[in-house]
Amino acid sequence: MQTNYQMCMGKRYLTLILLMSMALGTVWAQKQVVYTPTWTAQAQFAGFYVADAMGFYKEAGLDVVIKHPTASSSGINRLKKGESQFVTLQLVPAMEMIDDGDQLVNVMQYFQQSGLMVVSHEPLKSFESLNGKHVGRFRVGISLLPMALGRKLNLDIEWIPFASHTNLYVSGAIDATLAMNYNELYQLKMAGQRLKKDQLLYMRDVGYNVPEDGLYVTKDYYKAHRAEVDQFVKATIKGWEWVAAHPKEALDIVMLYMRQTGTHSNLSAQQWMLDECLKLLVHPKTGKRSYQLDPEGFDLTNQILCEGGVLKKPITYKQMTQP
């Protein structure tokens, strides 16, 4: 026998499915494009799912196909092969790609703040407290920033790439680990870690609050399809604004997309992720959602990556944002 909660949720999902069907049938799309997030389906990409489900892309004249990356086909690989026209990238790996000669354009910056943090078994007074420690890191991407910072500060840190994030830390095999506040931090807490405030070091709280997730296309695609890019960006912004105004309904849509792609999680974890990601949309100084790459945050990232030896030379703001 169904509980009242199950019946209520069933009605909510049915309503969402009907809304999605109605939205998708209102406008015939003219241009098909493919968008690929950085990871499997989760609340980190809620704005894109909502823009798709609510028909915002269709209203803009676009038939958007959301294809998540796989172990053999990352978003970057799909972009380079022309299999995806739009991808989400964090600013740091995007800058590294441009430094290596890839022609990318940041067409929308939605995460204005950093969710990157260090979780330690012992209290941390500053980033320098990691000197002489074994620290877990992501295999690619955002790890380049703290690694560059460590070199800049002449710290002796042994960075350990992890495959299973919680097991490496929980087992005590490492002294500390990098984590995203909207994802791995929650995983560690659910693994039974009773973390105190002095064990958590947020990069944004120690002077390194750099922008993270943004939307990218190749320069060639931008030049040839400027109208489609503008339409996609406007519809995606509309999606994120809808998420901010209707977080509960947006979470239901996220869960539907996760079910459709066979991604396993739970409502509590995705609620945590969505709450934290919505905070990252807001610029730390203005308190507003601008969806544009902040020059000051860009310059800070440039400085750290150059001084830490990640970039061969500084990348200009124009290089990043204009074709």
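### Reasoning through the strands, helices and cores

Q: Which residue in S2 is the bridge partner of Val33?
A: In this predicted model, Val33 has Val64 of S2 as its bridge partner.

Q: What makes S1 and S2 a strand pair?
A: Pairing requires at least two bridges between two strands. Strand S1 (residues 31-36) and S2 have 5 bridges, so they qualify as a pair, and the sense is parallel.

Q: Why are S2 and S4 called edge strands?
A: The open sheet of 5 strands runs in the order S2-S1-S3-S10-S4, with mixed pairing. S2 and strand S4 (104-109) each have a single partner strand, so one side of each has no neighbour in the sheet. On average, neighbouring strands here are turned by 35° against each other, direction ignored.

Q: Why is H2 described as roughly perpendicular to H11?
A: The axes of helix H2 (residues 46-53) and helix H11 (residues 247-260) cross at roughly 90° and come within 9 Å. Angles of 65 to 115 degrees count as roughly perpendicular, so H2 is placed in that class relative to H11. The contact involves Ala46, Tyr49, Val50, Asp52 and Ala53 of H2, together with Ala250, Ile253, Val254 and Tyr257 of H11.

Q: What makes S6, H6 and S7 a right-handed unit?
A: With the strands pointing away from the viewer, a clockwise path from the first strand over the helix to the second is right-handed. S6, helix H6 (residues 144-152) and S7 form such a right-handed β-α-β unit. Strand S6 (residues 134-137) and strand S7 (residues 158-161) pair in the parallel sense over 4 bridges, and Gly136 stands opposite Ile160 of S7.

Q: Which residues touch the most other members of the largest nonpolar core?
A: In this core of 92 residues, they are Tyr35, Phe48, Tyr110, Phe232 and Trp240. Setting aside neighbours within four places in sequence, Phe232 has contacts including Val33, Tyr35, Phe48 and Leu62.

Definitions and conventions. Residues numbered from 1 in each chain as written. Predicted model: local features only at pLDDT ≥ 70, side-chain atom pairs only at ≥ 80, totals over all residues. Heavy atoms only, no water. Core = buried A, V, L, I, M, F, W, Y, C linked by side-chain atoms within 4.5 Å. Buried < 20%, exposed > 50% of the residue type's maximum accessible area, 1.4 Å probe, protein only. Contact = heavy atoms within 4.5 Å. Helix = DSSP H or I, 4+ residues; strand = E, 2+ residues; numbered from the N terminus. Axes fitted to C-alpha atoms, helices over the stretch in contact; angles between N-to-C directions. Parallel < 35°, antiparallel > 145°, perpendicular 65-115°, else oblique.
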